[in-house]
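Hi,

Here is the structure I promised to pass on to you. Have a look first, and then read my notes below.

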Amino acid sequence: MLNFSKNFSQIPQLFKLVWNRKRSNALMVTELVAAFMVLFFVCLAVLHFALTYRLPLGYEYENVWNIQAYRKQSAEVESTAITRQSAQRLVSVLRGLPSVELASFVSTTPFSFSHRMTSFNRGEKYKTEISIVTNEFDKTMNLTLTQGRWFNASDDAYNGTTSTVKVVVINECAAATFFGKENPIGRDITYIPGEGIGKDLERTRYRVVGVISSFRKGSEFDQSGNFMFERTNILDTTSFLPSQILVKMKPGTAASYEEEMLKKLEQTAPNWSFQITTLAADREKKHKNLYFALIPGLTIAAFLLITVGLGLVGVVWQSVTRRMRELGVRRAFGATRQDIYFFVIGELVALTTFAVVFGLFLVAQVPLIPFYEVPTATYALSICAAVIGMYILTTLCALYPSRLAGTVQPSDALRYE
Amino acid sequence: MLRNYLLLAWKVLLRRKFFTFISLVGISLTLATMLVVTAIIDYHANPPRPYTKQARMLFVKSVMGKSKDFTTINEPHYGFHDKYVRPLPGVEKFSIQTESTFITYPNGQKTTLTAKIVDGVFWEIFDFEFLEGAPFTEDDNQQRRMVAVVSEKTRQRYFGDASALGKSITLGSKTYRIVGVARDVASSLSVSGDVWYPVSIDLTPKDRTGVLDEGAGGFTSVILANNASDLPSIQAAFQAMLPTVKFASSNIEYMQAAAETNFGVQAQMFFGFDSEDKDYGKRDNATRLIALLMALTLGFMALPAINLVNVNVSRILERASEIGVRKAFGASSTALVGQFIVENLVLTIIGGAIGVLLAEAVLLWITSAGIFPNAVFHVNARVAVYALGMSAVFGLLSGVLPAWKMARLPIVQSLKGGINA
């Protein structure tokens, strides 16, 4: 314990020992590299989801109910004007209910599995998710406006599919993507012409009237990507009619109220069919979907690491028993028990260092794989965690065999056959 | 000779119990993981009843429609299946289905019912087990009789333990008379549902003629062939039929689709739908998925295999003097390699057996926890054979290198026990 400096001066010698036996150590290093990669991906997954979870969602989902409202497949096609009138009636009936605070039509609800994406330019960076909403959406979801304004009745001028200018509110991520540090209010987002999109879309200009802080549609586990809200007025027959209604309920509304609400809706629009869920339930579903992939993956990774750990214990133990004589000689020449611990653990740590260096080289290739975008900080943190984890794992594995080696009596060891 | 090897192998395993334990933990955990995954995939690739005739079935699900402005991948309309798929040569039986969801409140409990809207032939292609009554017939379907079949679970929710026959069930604005109760099917299988009623009831004239751009979409179909060997010719006829499809509007230029086996459909769902996929419907997704699964299996096995190699190499060095003696008495390298590989195979097969038990326990837990509702998983004969094969591959993979190392040990040094290999 007292002469650690002596022990540390042995470090170069340890590396030399490992290097000299590189052929027989090659397989051990391969195993450790593979274990390092497993550990790295475990750390990456866990840290990524844990860190993302802590970021603000950008909206409130408590007490918001989600109504899917669509005309039945079997219903004979009714005129667009009639459809719009029943849509409008649905919203006014909902607002008239005593437990309802607000209701808004929306094309893509939070926690849903559907996407509506558009790409304004070449490259993943310019892909934007779009949701088409009515005026009340911001208050229904309690969005945080950071610049400009939310939609209002004056935007009716831009209504309809024929209008080449559409008013939009974007999140800060999209504002940074399209305008950098410049003020996005009043500016237009347009498509790059000649990219194979329709002629109508090519002419469309998306005019930014406001910026919200963030809108993580996926769930707490999804990163904040580009998001854009486009405004629609359901009474205008030429504009888009979303198929979902989000309803902000008064706090404390019982779940059993759903049945009553459904009856009201069916009476109001008999040619439509409805499904009611709560955003809280949708969120649960979305989370379960992630756990369904994550938990088996982590379990398998844990099995792999247990297997590797046990294997390491075996290999180190074996090498200790085989080298009893060498250790005995060391003891006879005055090496203390601590020196032996240090020596046995140190050898495995040296081996691990070789593996970690090689593993770091492999891990450096990971950002080149475009399958999932991970923030650089998370990536760096996972590398650190994996390196530390690797040393902890190997030290733990060498601990018991090193104790065994420490108990060797020089006289016994020298006789050992 | 082999008997001696086996005996020796057994003795060696008992001599170093800790090493045997480490090896067995590694092998059994690895194989158990693979077996659980395999058993779940096997269940979906070769599902139980009502998929008894699966070997003769082809499914037509999502199709890609290409228009000037955009591409959509959707389940097509009734008319496409009826007019173009039904008359294909080699089709013995043909059924068209769609589905819908209803929210009901039986006994005040909110219940989401998945309704499968099917024709009468559906019940001839899939042999559902009926607990009560019988399925509705094709005549019921043609005559638009308001009848329905409910699942065991739906009966439980609505009527408790009482019989459901002759009782009625209201879905949306329509009320149906229950004529049969079918045993529950695992909800991860595409045929599963909570209630079934005749497809004609909801069909409008426009739906009947619509192909892809008129009336309502969302229909799928099942083809039952006379023989499993007819499937390739039906698939070829299906591809030849596609260019002849006529659309209501001139907006749609052409469509791409495939009539696939059940496994092929699931493989396509696994790979996902990409509207920019130029080869949609033309790719052999089943083979692609199998290749991917095999690559993943090998990748997963690599680490435990290397681990076992390392443990084995250490164990051989420990036995250096034994090997020296055997060599000195004239044992050939081949004999030594053979002996060691047998030893390792014994170890992996014992590990495999423990793996099967572990896997069965995990599958029992998955079944009872209801992670896949109504599905009952087991290590069946097919999966067990696979386990045996995998154990053997694993044993060979991890045994060959150490055995070769062992056979090369120099005699003199091994006898002295001072190996530094």
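Strands here are DSSP runs of E with at least two residues, helices are runs of H or I with at least four, and both are numbered from the N terminus; two strands pair if DSSP finds at least two bridges between them. Strand 2 (residues 63-67) of chain B is joined to strand 12 of chain B by 4 bridges, and Met64(B) sits opposite Gln256(B) of strand 12.

Before you go on: this is a predicted model, where local features need pLDDT of at least 70, side-chain atom pairs count only at pLDDT 80 or more, and totals for chains, interfaces and linings use all residues. Residues are numbered from 1 along each chain as its sequence is written, while chains are lettered from A and ligands numbered from 1 in the order in which they are written.

Now for where the chains meet. The contact involves 34 residues of chain A and 33 residues of chain B (in contact means C-beta atoms, placed from the backbone, within 7 Å). On the chain B side, helix 10 gives the largest share, 12 residues.

On to chain A, which has 13 helices and 11 strands. Where they touch, 7 residues of domain 1 meet 6 residues of domain 2.

Is Leu55(A) buried, exposed or partly exposed? Leu55(A) is partly exposed, because 13 other C-beta atoms lie within 10 Å (20 or more would be buried, 12 or fewer exposed, in between partly exposed, with C-beta atoms placed from the backbone). Look for Leu55(A) in the loop between helix 3 (22-53) and strand 1 (64-71) of chain A. Leu55(A) is 159 residues from Ser214(A) in sequence, yet their C-alpha atoms are 9.8 Å apart in space.

Enjoy exploring!

Definitions and conventions. Contact = placed C-beta atoms within 7 Å.
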